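Subject: Structure for you to look at

Dear colleague,

Here is the structure that I promised to pass on to you. Please open it beside this message, so that you can find each residue as you read.

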Amino acid sequence: MNAIDHQYMQLALQQAALGQNSASPNPCVGCVLVKDEQVVGAGFSQPAGGGVVQGAPGAHAEVMALSVAGDLARGATAYVTLEPCSHHGRTPPCADALVKAGIVRVVAALTDPNPLVAGQGLARLAAAGIAVESGVLHATALEHHKGFISRMLRSRPWLTVKMGASLDGRTALANGQSQWITGPAARSDVQKLRARSCAMLTGIGTVLADDPQLTVREFAVSRQPLRVVVDSQLRTPVNAKLFNQAGVLIVCAQDDELKRHALETAGAEVLILADTHGRVDLTALLKELGCRGCNQVTVEAGGVLVGALLQAGLVDEMLLYQAPVIIGDTAKGIATLDLSDLNHKLQARVLERRQIGDDLRFTLRFTDAGEFYAE
């Protein structure tokens, strides 16, 4: 490993970023082929469901790069952000494609945590006489692939809570009004976050107060996130804006045949997931979303649901957009928590502070992907 390897792996990560809004449930892998110090091919994972961003539907990054390189691939080095697959899924194994193309060296940032791969891809390449290395730009690739890794190793998505708050830590007035505390630049930034998300999670309180759509609207995307509502008693109105587009999941704690039928007629899927206290089982919900192929889920909700997710230890990350406004102590806070001792406070690590228009965006981490991924 050397500076040249780092340089080309960075290019592979830039390729991977091109597929981050469309590749799920597959990881958004990037691949760069280099021969005689020249990039001869590059590609990123295409939508698994058959859609096309660039090239062939469903193609993996390595196949995309090989198709660009053609005969120039023979004798080249492949830089991939995640270990090439070794199993037959929707597509044939990428490891076999690299061998057939005459690649002489493969450099991977990470081994694939998928039990169907888990080192077998690199082993197959090595058995074919190809030089293999892994771990180049490990930390950067881990950050990029954290959603897929979370689903593979924890059986649930990476969960990000998005909050917009005032200087005094308030997210809405006492009457529920929250539009708009943050400025237009922050709201535009949130659209990018939604585009990367496999699902948007909210609570019934937010649906009743704000009637959100929770879709990506400022730019074209190949797929919209699934909209998920935690609604214990099925109070979601059948004329809610959520139903303007297909893809709504209502999760309740108790069944009501008439309400369920009305919501299903409106276009929702209704799922009953109750805990022992008669509330929606949030842990089971995240497991369910993982089973549905969701790698990253974003929460846009009020303090009650956010507080419940925090107390359950399910929040991995919070993106807090803080606006330079003050709205008073009668307004609603970020999270509904009942702590009697400061020793029980929930501690986050500040990963990044960035100016977004007039607002500050804090990226706060409660979990690091390295805590559950180990080579």
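Below are some notes on a glutamate, on the spaces in the structure and on its salt bridges.

This is a predicted model, in which local features need pLDDT of at least 70 and side-chain atom pairs count only at pLDDT 80 or more, while totals for chains, interfaces and linings use all residues. Residues are numbered from 1 along each chain as its sequence is written, and side-chain values use heavy atoms, with hydrogens and water left out.

Glutamate 83

Glutamate 83 sits in the loop between β3 (77-80) and α3 (94-101); helices (H or I, at least four residues) and strands (E, at least two) are DSSP runs, numbered from the N terminus. Glutamate 83 is buried and yet has no salt bridge, and arginine 124, the nearest side chain of opposite charge, is 9.1 Å away. Here buried means under 20% relative accessible area, exposed over 50% and partly exposed in between, with a 1.4 Å probe and protein chains only. A salt bridge is a side-chain nitrogen of Lys or Arg within 4 Å of a carboxyl oxygen of Asp or Glu, and for charge Lys and Arg count as positive and Asp and Glu as negative, with His and the chain ends not counted.

What does the side chain of glutamate 83 reach at 3.0 Å? It is the backbone nitrogen of glycine 119, and the backbone nitrogen of glutamine 120 lies 3.3 Å from a polar atom of the side chain of glutamate 83. Leaving aside neighbours within four places in sequence, glutamate 83 is in contact (heavy atoms within 4.5 Å) with residues including Ala108, Leu110, Asp112 and Leu122.

Cavity and pocket

A search of the whole structure finds one cavity of 30 Å³ or more, and about 120 Å³ of space lies in the largest cavity. Of the 17 residues that line the largest cavity, the closest to its centre are Gln20, Asn26, Cys28, Asn295 and Gln296. On a 1 Å grid over the protein atoms alone, a cavity is a set of points where a 1.4 Å probe fits but cannot get out, whereas a pocket is an open set with protein on both sides within 12 Å along at least five of seven lines, and lining residues have an atom within 4 Å of a point. Grid points are joined across faces, edges and corners, and a volume is the space filled by probe spheres set on the points.

The second largest pocket holds about 670 Å³ of space, and of its 25 lining residues the closest to its centre are Gln20, Glu143, Lys146, Arg196 and Glu317. The element that gives the most to this lining is α7, with four residues.

Salt bridges

The structure holds 18 salt bridges. In one of them, glutamate 143 pairs with lysine 146, the closest N and O atoms being 3.2 Å apart; glutamate 143 is partly exposed, with a relative accessible area of 32%, and lysine 146 is buried, at 8%. Glu143 and Lys146 are also linked with Glu317 and Arg365 in a network of salt bridges.

Arginine 156 forms a salt bridge with aspartate 316, with the closest N and O atoms 3.3 Å apart, and this pair links distant parts of the chain, 160 residues apart. Arginine 156 and aspartate 316 are both buried.

With best wishes

Definitions and conventions. A polar contact is a pair of N or O atoms within 3.5 Å; within protein, one must be able to donate a hydrogen and the other to accept it, and residues adjacent in sequence count only if both atoms are side-chain atoms.
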